[in-house]
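User: I would like to go through the labels used for this structure. Please set each one against its cut-off.

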Amino acid sequence: MLYIGIDLGTSAVKLLLMDEAGDIKKIVSKEYPIFFPQTGWSEQNPEDWYNATIAGLKELTAECDTTLISGLSFSGQMHGLVILDKDDQVIRPAILWNDGRTQKECDYLNNKIGRDKLSEYTANVALTGFTAPKILWVKNNEPDNFSRIERIMLPKDYLAYRLTGNHCTDVSDASGMLLLDVKNKCWSKEMIQILGLNESQLAKIYESSDVIGTMKESVATELNFPSTVKVIIGGGDQAVAAVGTGTVGDGMCNISLGTSGVVFIASKNFAVDDNNALHSFAHADRKYHLMGVTLSAAASNKWWMDEIIGTKDYATEQKEIIKLGENNVFFLPYLMGERTPHNNPDARGTFIGMTMNTSRADMTQAVLEGVAYSLRDCLEIARSLGVIIERTRINGGGAKSPLWKKIIANVMNVTVDTINSEEGPAFGAAILACVGCKEYATVEEATSKLIQVVDSIEPDAELVSAYNRQYEKFTKLYPALKDVFQLIK
């Protein structure tokens, strides 16, 4: 049988076709525009998502026997707000995850309602990216639109609705709305009241590998798909990407070393740290996960290489780095502010410790190490909750650097594993489709059979000790500079 994973990203939808053994047959990508009507705003037209997805599905399956297609599932950009009226028409463009208009609403929620209350209701606190502040913004600034809301959706759920007619969401994506009681996997009645909503406006909640129905006859006919194709709800992009790397179950960890850096920890138990520095969400494997984010990971290295040094030859620059754990130059990778653990948009990238003897290689090394220290900040919070992490998987563009992986292994004192798949969310969505169609009994069973470790880097005891001393110095830099960042913002 054949299975389809649909990854609804910010700039494009990526579609992947594979069989039950994980053999990828074809991958297709279709782009769509992003609109920036005002500074700091970011919007898209949900109809563009749907049209691109339908066009992508046609191209993806043009050369295969569509009678073999058993199911499809989704990964989706999280936090976006899609609102429909009673006639199922989109009321206004979707407000995206990277839209920054809701600072006033976040201040209201965090300060007036209170961070403690929000954490009690949802296991998280308000961030401008989350969906609840966006709903509050529409209520405050577009009351006519707010009064017309019949259905509230997340981006990938809009695709599922158009394909099946069912108003559904999943626990992992809903965790990022600031509307879900994450621990109990149900809507928070307190948050519904705070936002002035009715629960009938919110979607029915499923686990990520649950079947929500089959395709509408008209859609199946247009695609030449059998009417029996099952639609599995899928999940938020980070959770589904974790499925695609096999980061499921309990105690599994993955580091995504992309533009931003993500430390993703699968856990069988629900947990929240005292300062809500980590996101505490439901996972796509029917359990939970903790997630920390450093906003400028590979982006920091790209900025240093491309804009400052002026080279694309990253590997050659890294060849000069030989003395690990001894660098007296430190770099705070806060070029776009920082999420975990500081939650401070005014933090800034900083080099410190240079002397007349500082070399170009020292500066490059400091960038790589600074990102690793920032990722360790995320890991240390999880460790404070009693989570034991002895190894991590790694993916993303930065993971192509053996040196960077070695630095991370020793800064974090974990074994760093590279796996056989680089497809991430689309592959994870296809795995969820397999599980939903009973090809595998559980997500864990599927990933154990479809994903293998192909390379590992072990930490070295001497380097670990050296980096522990360096990390202790690193942790003192942000507190010393926090007030300075306020002066220069």
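**Labels and their grounds**

Analyst: K185 sits in the loop between β10 and β11 (186-187). The model is a predicted one.

User: Why is K185 called buried?

Analyst: Its relative accessibility is 17%. Buried means under 20%. So K185 counts as buried. K185 also has a positive phi of about 55 degrees, although it is not a glycine.

User: What makes L178 buried, and where does L178 lie?

Analyst: L178 lies in the loop between α6 and β10 (180-181). The relative accessible area of L178 is 1%. The cut-off is under 20%, so L178 is buried. L178 has a positive phi too, about 65 degrees, and is not a glycine.

User: Why is D173 called buried?

Analyst: D173 belongs to helix α6 (residues 171-174). Its relative accessible area is 0%. Buried requires under 20%, so D173 is buried.

User: What makes the pair of D173 and K156 a polar contact?

Analyst: Both partners are side chains, and the distance is 3.0 Å. A polar contact needs N or O atoms within 3.5 Å, one able to donate a hydrogen and the other to accept it. The pair of D173 and K156 is listed as such a contact.

User: Which residues does D173 contact, leaving aside neighbours within four places in sequence?

Analyst: M78, H79, L154, K156, D157, G235 and G236.

User: How do you know that N410 is buried?

Analyst: N410 is in helix α13 (residues 402-412). The relative accessibility of N410 is 2%. Under 20% is buried, so N410 counts as buried. A polar atom of the N410 side chain lies 2.8 Å from the backbone oxygen of K406. Not counting residues up to four places away in sequence, N410 touches P459, D460, L463, V464 and Y467.

User: Why is A271 called partly exposed?

Analyst: A271 has a relative accessible area of 22%. Buried is under 20% and exposed is over 50%, with partly exposed in between. A271 is therefore partly exposed. A271 is found in the loop between β17 (261-267) and β18 (279-282).

User: What makes α9 roughly perpendicular to α14?

Analyst: Helix α9 (residues 237-244) packs against α14 at about 80 degrees, with the axes 7 Å apart. The range for roughly perpendicular is 65 to 115. So α9 is roughly perpendicular to α14. D237, V240, A241, V243 and G244 of α9 meet P425, F427, G428, A429, I431 and L432 of α14. Eight of these are nonpolar, two polar and one charged.

User: Why are α12 and α13 called oblique?

Analyst: The axes of helix α12 (residues 360-384) and α13 cross at roughly 40 degrees and come within 9 Å. Roughly parallel means under 35, and roughly perpendicular begins at 65. The pair falls between these classes, so α12 and α13 are oblique. α12 passes α13 in a right-handed crossing. Residues of α12 in the contact include L368, V371, Y373 and L379; those of α13 include L403, W404 and I407. The contact divides into 12 nonpolar, no polar and three charged residues.

User: Which peptide bond is cis?

Analyst: The bond from T340 to P341 is cis, with omega near 5 degrees. P341 is placed in the loop between β20 (330-332) and β21 (350-352).

Methods. Residues are numbered from 1 along each chain as its sequence is written. This is a predicted model: local features need pLDDT of at least 70, side-chain atom pairs count only at pLDDT 80 or more; totals for chains, interfaces and linings use all residues. Side-chain values use heavy atoms; hydrogens and water are left out. Helices (H or I, at least four residues) and strands (E, at least two) are DSSP runs, numbered from the N terminus. Buried means under 20% relative accessible area, exposed over 50%, partly exposed in between (1.4 Å probe, protein chains only). Contact means heavy atoms within 4.5 Å. Axes are lines fitted to C-alpha atoms, for helices over the stretch in contact, and angles run from 0 to 180 degrees between N-to-C directions. Angles under 35 degrees count as roughly parallel, over 145 as roughly antiparallel, 65 to 115 as roughly perpendicular and the rest as oblique. Ala, Val, Leu, Ile, Met, Phe, Trp, Tyr, Cys and Pro count as nonpolar, Asp, Glu, Lys and Arg as charged, and the others, Gly among them, as polar. A crossing is left-handed if the near helix is turned anticlockwise from the far one by less than a right angle, and right-handed if clockwise.
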